[in-house]
Amino acid sequence: MTCYAVHVPAADPNYEAIEWGEPRRDERVRVVQWTCDCQATFYELRSAAGLYFLYRSAPEAESARLFRAEAHSLWTDLLNGRAR
């Protein structure tokens with residue numbers, strides 16, 4: 001099987017800790033970007049009601065709602081091992 005999505009690298013020793021909270025189930029979301037689900041934990045950049053947030057599959061959690069630029073910056077940090 002070939003993976004086409006991005007794989008999350010190991011975390012940098014000085015990574016930024018993302019504040020994770022319980023996922024909300026009361027809103028419609030759009031998945032904007034995602035990482036490969038061949039790993040035990042995968043991530044998604046999601047959008048809902050004009051705000052963006054990160055979703056983590058295991059343990060299931062979501063980051064705070066952020067404006068687009070802030071969320072994309074956090075997503076980039078996650079994909080480069082600078083946030084977890």
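How many residues does helix 1 have, and how far does the helix reach from its first C-alpha to its last? Select helix 1, residues 68–79, and the answer is 12 residues reaching 16 Å, close to the 16 Å expected at 1.5 Å a residue, where the expected span is 1.5 Å times one less than the number of residues. Helices (H or I, at least four residues) and strands (E, at least two) are DSSP runs here, numbered from the N terminus.

Before going further, keep in mind that this is a predicted model, in which local features need pLDDT of at least 70 and side-chain atom pairs count only at pLDDT 80 or more, while totals for chains, interfaces and linings use all residues. Residues are numbered from 1 along each chain as its sequence is written, and side-chain values use heavy atoms, with hydrogens and water left out.

**The helix against the sheet**

Staying with helix 1, colour A71, H72, L74, W75, D77 and L78, which are its buried residues; buried means under 20% relative accessible area, exposed over 50%, and partly exposed in between, with a 1.4 Å probe and protein chains only. These buried residues pack against strand 1, strand 2 and strand 3, contact being heavy atoms within 4.5 Å. The helix lies across those strands and runs at about 30° to strand 3, an angle taken from 0 to 180 degrees between N-to-C directions, with axes as lines fitted to C-alpha atoms, for helices over the stretch in contact.

Now show the strands: 4 of them form an open sheet in the order 1-2-3-4, with antiparallel pairing, two strands being paired if DSSP finds at least two bridges between them. Strand 1 (30–34) and strand 4 (60–62) stand at the edges with a single partner strand each, so one side of each is left without a neighbour in the sheet. From one strand to the next, the twist averages 25°. Selecting strand 3 (residues 51–57) together with strand 4 shows an antiparallel pair joined over 3 bridges, in which Y55 has E62 of strand 4 as its bridge partner.

**From E62 into the salt bridges**

E62 is buried, with a relative accessible area of 3%, and its side chain meets that of R65 in a salt bridge (2.8 Å, N to O), defined as a side-chain nitrogen of Lys or Arg within 4 Å of a carboxyl oxygen of Asp or Glu. R65 also forms a salt bridge with E27, the closest N and O atoms being 2.0 Å apart. That pair links distant parts of the chain, with E27 in the segment before strand 1 and R65 in the loop between strand 4 and helix 1, 38 residues apart. E27 is partly exposed, at 24% relative accessible area.

R24, D26, E27, E62 and R65 are linked in a network of salt bridges, and the structure holds 7 salt bridges.

**The cysteines**

The structure holds 0 disulfides, a disulfide being a pair of cysteine sulfur atoms within 2.5 Å. For C3, the nearest cysteine sulfur is that of C38, 3.6 Å away, and the sulfur of C38 is 3.3 Å from the closest cysteine sulfur, in C36, too far for a bond. C3 counts as partly exposed at 31% relative accessibility, and C38 also counts as partly exposed, at 42%.
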